[in-house]
Amino acid sequence: MSGTEEREQGGNTAYGHKPFKRSRSHFADRITADGRDGWPVEAGRYRLVVSRACPWASRALVSRRLLGLERALSVAVADPIQDDRSWRFTLDEAGKDPVLGIGYLSEAYDARERGYPGGVGVPAIVDVPTKALVTNDYQQITLDLATEWTGLHRPGAPDLYPERLRDEIDEVMDGIYRDVNNGVYRAGFASGQGEYESAYVDVFRRLDLVSERLAGQRYLVGDTITEADIRLFTTLVRFDAVYHGHFKCNRSKLAEDPVLWAYVRDLYQTPGFGDTVDFDHIKRHYYQVHTGINPTGIVPLGPDLSGWLTPHHREQLGGRPFGDGTPPGPVPPGEEVPARGRP
């Protein structure tokens with residue numbers, strides 16, 4: 001999850017005890033081809049900080065893989081178990097990111113704005129020379145990777161935000177963000193029955209609409225993968241593992257909807273999607289960090305992950321995953337998801 005609301009809500013124990021509110025990204029500078037915000041696209045200059053547990057950060061991981069930006073934009077993976085100081089680099093030797101030399105992501109925030117009172121969230125892009133945060137605008141980062149970083153895309157990179165489809169993509173993403181991406185959090189962190197029930201209804205109303213839309217077409221907009229599919233995928237891939245039980249979105253499991261279950265497996269088995277997903281990080285983060293709603297910190301053993309690799313048959317609907325492009329290459333050495341996080 002993005003940490004942009006953590007400090008304001010009083011840390012991890014506050015979840016479920018206060019009305020949930022997702023903060024706007026405070027650091028909304030953009031990294032662009034023309035450098036108009038003072039941050040030009042430049043290979044090797046920036047570092048993408050993510051948690052594999054966080055759906056918002058996972059969008060950036062998928063986009064980076066699909067576009068072939070691994071060499072141009074390095075990645076730092078934070079420990080899924082954060083503390084109230086922020087995301088930690090305790091997965092790295094000596095507990096510090098080897099490129100930035102910091103132990104907490106909050107240090108990059110402080111380097112940008114001392115005394116910033118908001119939450120420390122991922123994804124975050126940090127300027128390597130100054131070790132200062134550039135942006136934590138999770139809604140804009142992936143759009144810019146698709147449209148501003150084109151000079152550094154791999155040969156055969158797909159067009160994830162085609163200009164002719166942007167109005168439709170934006171409309172679809174707006175409903176999915178409001179009712180699904182953010183809706184599961186509104187349900188899970190609700191502090192009252194009415195607040196929870198309203199969010200629950202929104203989640204499943206939108207999922208039913210999306211299921212109807214996808215019954216006759218392979219992807220959300222057009223016949224190729226777009227930004228809209230990435231944003232829906234990162235919530236759906238977490239649904240049965242954490243949102244169904246931990247967040248009480250339990251009308252039905254994703255695996256009980258034939259259309260959505262086939263759709264998310266299709267994406268999971270597409271290079272660039274499933275190879276970024278770490279179910280171990282996902283479950284440990286949600287169940288161990290959100291002590292306000294899971295005070296025992298017990299992490300469920302299930303669900304069974306073997307179904308993620310079963311045939312989905314969505315190719316029968318046609319569509320071309322990468323359009324006129326090609327699949328991304330192998331996962332770079334050192335970025336592979338450990339075996340315990342995979343089916």
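Buried means under 20% relative accessible area, exposed over 50%, and partly exposed in between, with a 1.4 Å probe and protein chains only. Aspartate 144 is buried at 5%. This is a predicted model, where local features need pLDDT of at least 70, side-chain atom pairs count only at pLDDT 80 or more, and totals for chains, interfaces and linings use all residues. Residues are numbered from 1 along each chain as its sequence is written, and side-chain values use heavy atoms, leaving out hydrogens and water.

**Salt bridges**

- The structure holds 27 salt bridges, each a side-chain nitrogen of Lys or Arg within 4 Å of a carboxyl oxygen of Asp or Glu.
- Arginine 30 pairs with aspartate 144, with closest N and O atoms 2.7 Å apart.
- Arginine 30 lies in the loop between helix 1 (6-9) and strand 1, and aspartate 144 in helix 4 (residues 138-147), so the pair ties together parts 114 residues apart in sequence.
- Helices (H or I, at least four residues) and strands (E, at least two) are DSSP runs, numbered from the N terminus.
- Arginine 30 is partly exposed at 24%.
- A network of salt bridges links Asp174, Arg178, Asp179, Arg186, Asp202, Arg205 and Arg206.

**Arginine 314**

- Arginine 314 is buried without a salt bridge.
- Aspartate 266, the nearest side chain of opposite charge, is 4.5 Å away; Lys and Arg count as positive, Asp and Glu as negative, and His and the chain ends are not counted.
- The side chain of arginine 314 reaches the backbone oxygen of glutamine 217 at 2.7 Å.
- A polar atom of that side chain also lies 2.9 Å from the backbone oxygen of arginine 218.

Key: Polar contact = N/O pair within 3.5 Å; in protein donor to acceptor, adjacent residues only side chain to side chain.
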